[in-house]
Amino acid sequence: MAKATKKQALGRGLSALLKDPENDIQSVSDKNADKVVGNIVELEVSAIEVNPFQPRSNFNDEALRELATSIKELGVIQPITVRKLDFNKYQLVSGERRYRASKLIGLETIPSYIRIANDQESLEMALVENIQRQDLDPIEIALSYQRLIDEIKLTQEKLSDRVGKKRSTITNYMRLLRLDPIIQTGMRDGFVSMGHGRALVNIEKKQDQIALYEKIVGENLSVRDTEKAVKAYHEKQGPATGTHPQKTPEIPGFVKEGITDFKNYLAVKVEIKASSNGKGKITIPFHSKEEFQRLKKLISGE
């Protein structure tokens with residue numbers, strides 16, 4: 001108990017230090033920066049603004065009220081993280097749910113870790129921190145990956161190292177962004193799972209995606225049922241009207257055995273066509289310059 005009291009007193013002391021105009025800390029090299037940066041400080045809630053780079057857009061009202069009740073009873077157990085903008089002015093890097101819940105019950109101060117970061121560093125910290133959370137929906141994660149690639153200019157390989165995920169996992173999430181927005185919204189709202197989305201993304205026409213999505217929701221289809229429906233959809237797709245679908249030639253056994261290896265290694269839907277005499281063609285799709293470079297590196301072994 002004594003340790004906790006001492007820690008709180010230290011936080012209040014640092015708060016006073018930050019409010020002194022003569023000790024306005026703007027960089028890690030400033031005087032007293034080592035006493036503040038990386039420490040827990042009690043900051044006024046009114047001095048903190050939300051993060052415009054926040055990748056999370058869905059905040060469940062009921063869950064927020066439950067968190068607010070918990071904070072009212074036990075306090076803010078895990079500090080939020082902020083970056084210093086100006087004198088007594090801060091911006092959230094992570095912990096927006098705790099921040100919102102604290103405002104909901106009228107807390108005047110909140111324990112905070114202070115960081116010194118520019119816009120790009122703040123965006124990267126917010127995105128990476130949010131990706132590690134367990135309660136993000138698949139679309140939020142996919143959008144975070146996309147922003148790290150587009151705005152921070154990370155390659156998929158570097159992104160894989162930064163977030164501790166396999167490149168194939170990252171690719172599978174980002175492919176979900178090719179789904180129609182209606183389906184993406186349904187996934188965010190919990191009507192369908194990521195497994196359903198991974199199956200639906202194999203249908204290119206958006207109107208056909210939506211038609212099967214409505215069937216999934218209406219008939220409560222499982223992921224396995226959805227995969228079968230997608231397979232049946234492709235089997236029905238034949239040449240132009242007025243002709244019968246061409247019979248698919250029998251694929252040699254060695255090709256069947258190798259298709260899965262290709263798909264797992266490259267993390268894309270590889271198409272392989274082969275005749276009974278052993279001749280064939282491998283088609284490897286890509287949807288961005290970044291993905292092309294990744295595939296080139298994998299195939300060439302650079």
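Which residues does leucine 159 touch, not counting residues up to four places away in sequence? They are Tyr145, Leu148, Ile149, Leu154 and Ile170, where contact means heavy atoms within 4.5 Å.

This is a predicted model, in which local features need pLDDT of at least 70, side-chain atom pairs count only at pLDDT 80 or more, and totals for chains, interfaces and linings use all residues. Residues are numbered from 1 along each chain as its sequence is written, and side-chain values use heavy atoms, with hydrogens and water left out.

Leu159 is also one of the residues that touch the most other members of the largest nonpolar core, alongside Tyr145, Leu148 and Val163. Such a core is a set of buried Ala, Val, Leu, Ile, Met, Phe, Trp, Tyr and Cys residues joined through side-chain atoms within 4.5 Å. Helix 6 supplies the largest share of this core, six residues. A second, separate core includes Val41, Ile48, Leu92 and Tyr99.

| Core | Residues |
|---|---|
| Largest nonpolar core | 33 residues |
| Second, separate core | 17 residues |

Helices (H or I, at least four residues) and strands (E, at least two) are DSSP runs, numbered from the N terminus. Glutamate 140 belongs to helix 6, residues 138-151. Its relative accessible area is 3%, so glutamate 140 is buried; buried means under 20%, exposed over 50%, and partly exposed in between (1.4 Å probe, protein chains only).

By contrast, glycine 106 is exposed, because its relative accessibility is 51%. Glycine 106 sits in the loop between helix 4 (96-104) and strand 5 (109-115).
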